[in-house]
Amino acid sequence: MMTLKLEDVLELTPGSVEGINDWFLNRVEKNIDSGLYPDLNTLETIADNIKESLSIYKDKHNIEDVAIGMSGGVDSALTAALFKQAGWTVHGATLPINQIETETDRGQEAIEALGLERYNFDLSEQFESMQEYLGENDETYRGLQRQGNIRARLRMLTLYNLAHKVGGCVGSTDNFSELSAGFWTLHGDVGDIAPIQSLSKSWEVPAIAQMLGVPQATVKAVPTDGLGISKSDSDQLGMSYLEFDILLFDLLSLPNLSRETIQDYINSITEEEIQNKAGLVLSRVASTGFKRNNPFNLDHPLFSNRFEILEKLDRSLMT
């Protein structure tokens, strides 16, 4: 198989790369050379490992049905493809809430292409009812972010109800880039099993999705949150996923993760535009750590070993 090249990453990375600074392009080439951006052979092995893990989980816990919200984006389609190819029965649901029709159409196309059980729950009426109810005694409610969170939680409520009906669980569709950016709604986007949470959005997600037969229109779709907060994810991030991932991986690869070394790295960037974007990445990671540590269990001195003992009990019962 051919060696991975810069052009391969640029072809599949989400959003437009037109006008991207050469600094980022040079970093991509460096990351390819170091193996940080895996070639297709390696990605195929990664996909096989994920499918094997999903299959083991299915057999170990005697569960084979999973409900997944099919947003029309590549993350949900890839998640569904991995579960399906691991032998699960995948219940794919489109969940429009005053949705752009093309997004719902892409979700339904992916359901058909991947051979999923098909559902459509139009939650627009329920959302408007919640809008009216929550806004009755709260004049501040109409903010787009708060409305977006309600959309996400209505969808997750519906997915868990579907999972209960079929005796299954709910699949998480968030990726590593979103996890790092805190780019999800607590109790609204994250389900029970997360196959792609270790995969970067800028290369690994779209490349594996294409490999597993996700429709090209979905692979190439401009990423949005589907919550009506903005026209694209890049609008909210202040940069493309490619730029975000490059700066994130730079931060993660620092030899000593301390405030001093992080600040030294940001100060070492001579171009103001890139330095500002590095600051945005750092700010997003720093301000969303509570979401990655949720719920936060308080460790009271008299009961400090309870969690550890419960974890041991869980492990013994699962063997």
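This is a predicted model: local features need pLDDT of at least 70, side-chain atom pairs count only at pLDDT 80 or more; totals for chains, interfaces and linings use all residues.

Tyr57 is partly exposed, because its relative accessible area is 32%, which falls between the 20% limit for buried and the 50% limit for exposed. Its ring pairs with that of Trp88 in a stacked arrangement, with 6.4 Å centre to centre and 25 degrees between the planes. Tyr57 belongs to helix 3 (residues 40-61), while Trp88 sits in the loop between helix 4 (74-85) and strand 2 (89-94), so the pair ties together parts that are 31 residues apart in sequence. Trp88 has a relative accessible area of 3% and therefore counts as buried. Together with Phe83, Tyr57 and Trp88 make up one aromatic cluster.

The structure holds 5 aromatic pairs. Among them is the pair of Trp23 and Phe24, which is edge-to-face, with the planes at 85 degrees and the centres 5.1 Å apart. Phe24 is buried, as its relative accessible area is 0%.

Aromatic rings also meet charged side chains. The charged end of Arg151 is placed over the ring of Phe127, at 4.7 Å from the ring's centre. In another such contact, Lys291 lies over the face of Trp184, and the distance to the ring centre is 4.8 Å.

On the surface, a nonpolar patch is formed by Leu310, Leu313 and Leu317, which together have about 310 Å² of accessible area. Leu310 is part of helix 16 (residues 306-318). This leucine, Leu310, counts as partly exposed because its relative accessibility is 47%; membership of a patch requires over 30%.

Methods
Residues are numbered from 1 along each chain as its sequence is written. Side-chain values use heavy atoms; hydrogens and water are left out. Patches are made of residues with over 30% relative accessible area and no salt bridge: like charges are joined within 9 Å, nonpolar side chains (Val, Leu, Ile, Met, Phe, Trp, Tyr) within 5 Å. Accessible areas come from the Shrake-Rupley method with a 1.4 Å probe; for residues, only the protein chains shown count as cover. A salt bridge is a side-chain nitrogen of Lys or Arg within 4 Å of a carboxyl oxygen of Asp or Glu. Helices (H or I, at least four residues) and strands (E, at least two) are DSSP runs, numbered from the N terminus. Buried means under 20% relative accessible area, exposed over 50%, partly exposed in between (1.4 Å probe, protein chains only). Rings of Phe, Tyr and Trp (its six-membered ring) pair if their centres lie within 6.5 Å; planes under 30 degrees apart count as stacked, over 60 as edge-to-face and the rest as tilted. A charge sits over a ring if NZ of Lys or CZ of Arg is within 6 Å of the ring centre and within 35 degrees of the ring normal.
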